[in-house]
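Welcome! Take a look at it, then read on.

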Amino acid sequence: MADILQLIKEVLSEEKADRCLRIARTKYDKPSAYRSGAIVRCRKGDIWKDIKEADDPQAGKAAP
């Protein structure tokens, strides 16, 4: 019984990547303060409002 509860806790605690995190990963090639700052700004709605993940023409390029 304890194993089942532990498994349920692990599954529920897994962090899923939201839209902002996925876009930031494509724009910034490695973890950085720029990436984390961009994620925060995206979640506030300041940037990347109209970007669709599949149609992003700058995927993989770092922003200035």
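This predicted model holds one disulfide. The bond joins Cys20 to Cys42, with a distance of 2.1 Å from S to S. Cys20 lies in helix α2 and Cys42 in helix α3, so the pair ties together parts that are 22 residues apart in sequence.

**The disulfide and its cysteines**

- The torsion about the S-S bond of Cys20 and Cys42 is about -70°, which means that the disulfide is left-handed.
- Are the two cysteines, Cys20 and Cys42, buried or exposed? Both Cys20 and Cys42 are buried.
- For Cys42, the relative accessibility is 6%, and because buried means under 20%, Cys42 counts as buried.

**Around Cys42**

- Which residues does Cys42 touch, once its neighbours within four places in sequence are left aside? Cys42 is then in contact with Arg19, Cys20, Ile47 and Trp48.
- Ile23 sits 19 residues from Cys42 along the chain, and the C-alpha atoms of Ile23 and Cys42 are separated by 9.3 Å.

**How α2 and α3 pack**

- Helix α2 covers residues 19–27 and helix α3 covers residues 33–44. Their axes are 9 Å apart and the helices pack at an angle of about 145°.
- The crossing of α2 and α3 is right-handed.
- On the α2 side, Arg19, Cys20, Leu21, Ala24 and Arg25 take part, and they meet Arg35, Ile39, Cys42 and Arg43 of α3.
- Sorted by class, this contact of α2 with α3 has five nonpolar residues, four charged residues and no polar ones.

**Helix α1**

- Helix α1 spans residues 2–13, which gives 12 residues. From its first C-alpha to its last, α1 reaches 16 Å, close to the 16 Å expected at 1.5 Å a residue.
- How many of the 12 residues of α1 are buried? The number is zero, so α1 lies largely in the open.

**The chain as a whole**

- The protein chain has three helices and zero strands, and from the N terminus on its elements run α-α-α.
- Of the 64 residues in the protein chain, 20% are buried.
- Among contacts in the protein chain with a separation of 6 or more, 52% come from residues 24 or more positions apart.

Definitions and conventions: Residues are numbered from 1 along each chain as its sequence is written. This is a predicted model: local features need pLDDT of at least 70, side-chain atom pairs count only at pLDDT 80 or more; totals for chains, interfaces and linings use all residues. Side-chain values use heavy atoms; hydrogens and water are left out. Axes are lines fitted to C-alpha atoms, for helices over the stretch in contact, and angles run from 0 to 180 degrees between N-to-C directions. Helices (H or I, at least four residues) and strands (E, at least two) are DSSP runs, numbered from the N terminus. A crossing is left-handed if the near helix is turned anticlockwise from the far one by less than a right angle, and right-handed if clockwise. Contact means heavy atoms within 4.5 Å. Ala, Val, Leu, Ile, Met, Phe, Trp, Tyr, Cys and Pro count as nonpolar, Asp, Glu, Lys and Arg as charged, and the others, Gly among them, as polar. The expected span of a helix is 1.5 Å times one less than its number of residues. Buried means under 20% relative accessible area, exposed over 50%, partly exposed in between (1.4 Å probe, protein chains only). A disulfide is a pair of cysteine sulfur atoms within 2.5 Å.
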